[in-house]
Amino acid sequence: MRKPTIGITANFAASDGLATISKAYYHCVERAGGAPVILAPTTDESILKAQLDSIDGLLFSGGADINPLLWDEEPSPKLGGINAERDRAELLLARMAYRRNIPMFGICRGLQTLVAALGGKIMQDISDKATVKHSQDAARSEVTHSVRYAKSTMVKELSQAEETRLLVNSFHHQVAAEGGPRFKVTATSPDGFIEAIESAEHKPVIAVQWHPENLYDSAPESSRPFFHWLIEEAGIYSKAKQLHGHIITLDSHCDTPMFFHLGVDLAKGDDRVLVDFQKMQEGRLDVSNMVCYLPQPKAGETFRERIHFPIESPKEYTDFIFDSIEQQVAVSDGVAVIARNIDDIIKNKHCGCRSIMIGIENGLALEGKIENIEHFANRGITYITLCHNGDNDICDSARGSNTFGGLSEFGKKAVKEMNRLGVIIDLSHAAETSFYDAIKESSQPVVCSHSNCRALCDHPRNLTDDQMRTLAANGGVMQITMYDGFLKKDGGADISDVIKHLKHAIDIMGIDHVGIGTDFDGDGGIPGLASASEMLNLTRHLIKAGFSDKEIEKIWGGNWMRVLKKNTKY
């Protein structure tokens, strides 16, 4: 077992051009079981990416003030020494590392760096408001004031103290004024200043305002646990990276093409969408199944009124979306490649490319013509979601009006034709009657590409335990989705709820019948799993929840690949 590699930011002095670090930082990392390396400050993103690819954890060290001009604030007369080169490098490094779910520990200035980089606010000087001495004259190994931390936080858990009071040292005059949306404040000084933060999005990120590297021997309770936490989390991150290196990670459902009318650029990366080729690389996601979503017109509406492009026909619109996906892939310079089958996925994995598969969400695309299934099969679609939010000419929807009492006669023929042509039948959005009818008619395993457990969240779009047992008996898979309303009835779901739904589905169906279908860009996305860049965070949580490597491989793509192979006609 190799030691986790911990990158430590250097204190850079513009006057002499030296990038240096106190030995206390790397000694603490070594003693906690890590292998420290010093990171030179640079704003070259390709170099930063290489640095981040080579480490398992990141320690932001202390040092000089941060230039307030970087968050559009004029400098206070009490501002100390600043270094724009270090500031820009570390702010960029923090943002890139956060997107990649790399474990991070910030110390003093490091806390302020994380806050400034990720949407919080910095107070330039606290001297006029402080009633506690925050820049001590005593040796750095002395504790000189206390902090109080909130219950149910990592600071409390790591300190293992019965009380909520911790003695610390202090060397600063800048401070975080607000943690921002990505952090929650976990400790404060007696005069009310922020002394510790942690991720509010279930990521491995913590920071403290004091200097634990100087207290490793003199005050171990306020120092050692943080370094040991960093090494432990870095070890989990390293294992997650290794897993992603040799398994197929597959998201069975995203709606990113819904945003093509905005001119999004999947090749370069686009903050307006949750899935693009750059985010897939950051999250180490191998396969994204991008669907053409077709809204179901209501009574009196035309299809043209429901879409953003001047296209009248559902079939024509679907072909247009597929053409657009292929065009985006074509200009990605090989970063992403269209995949039609398992062989393509495996080949792309070996080449280091991201695989993009295509599917149809709403059989409205068929326009009631059975021959159109073959047309789309020839285009290389993976599956057709039989309906969406409303009955169509194939079947009744979970949010429909019970038009047919299940599958229509055309729907039964469509199921048979999809079986013949190797197109997977997707029953997410289908009414229960349609669900059971389709499984009865199908000679091949079916899927629910983005559905959750009704026992945990009572919503008609979720599956009952009986449906799940029937799906397992059919040999199919249920892909747990990140849509808040399908995870938790009253909302406010996070990554822990995904784990709960996964565990319940496994309890009912077994490990061979579950997977991941995020519904990103179709309102999917929750704290901890907010975009394709955060997919590694799911693996981290699966590891921490006790899933084995083999189980994680099945969840992440193995089960879906089995159904894909069973349905594929070579």
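Let's start with Q278, which is found in helix 7, residues 277-282. Helices here are DSSP runs of H or I, at least four residues, strands are E runs of at least two, and both are numbered from the N terminus. This is a predicted model, where local features need pLDDT of at least 70, side-chain atom pairs count only at pLDDT 80 or more, and totals for chains, interfaces and linings use all residues. Residues are numbered from 1 along each chain as its sequence is written, and side-chain values use heavy atoms, with hydrogens and water left out.

Back to Q278. Buried means under 20% relative accessible area, exposed means over 50%, and partly exposed is in between, with a 1.4 Å probe and protein chains only. Q278 touches R99, L266, K268 and G269, leaving out residues up to four places away in sequence. Contact means heavy atoms within 4.5 Å. Now look at A336. Q278 and A336 are 58 residues apart in sequence, yet their C-alpha atoms are 9.5 Å apart in space.

Next, T518. T518 sits in the loop between strand 22 (514-516) and helix 16 (535-544). T518 counts as buried because its relative accessible area is 0%. Which residue does the T518 side chain join in a polar contact? The partner is the side chain of D251, at 2.6 Å. A polar contact is a pair of N or O atoms within 3.5 Å; within protein, one must be able to donate a hydrogen and the other to accept it, and residues adjacent in sequence count only if both atoms are side-chain atoms. Beyond four places in sequence, T518 touches residues including H253, C254, Y483 and M535.

M535 takes us to helix 16. The axes of helix 16 and helix 17 (residues 549-567) come within 10 Å and cross at roughly 150°. Axes are lines fitted to C-alpha atoms, for helices over the stretch in contact, and angles run from 0 to 180 degrees between N-to-C directions. Helix 16 brings M535, L538, T539, L542 and I543 to the contact; helix 17 brings I552, I555 and W556.

Last, helix 3 (residues 84-99) and helix 4 (residues 109-117). They pack at about 65°, with axes 9 Å apart. That makes helix 3 roughly perpendicular to helix 4, a class that covers 65 to 115 degrees. R86, D87, E90, L91, A94 and R95 of helix 3 meet R109, T113, L114, A116 and A117 of helix 4.

Terms used
Angles under 35 degrees count as roughly parallel, over 145 as roughly antiparallel, 65 to 115 as roughly perpendicular and the rest as oblique.
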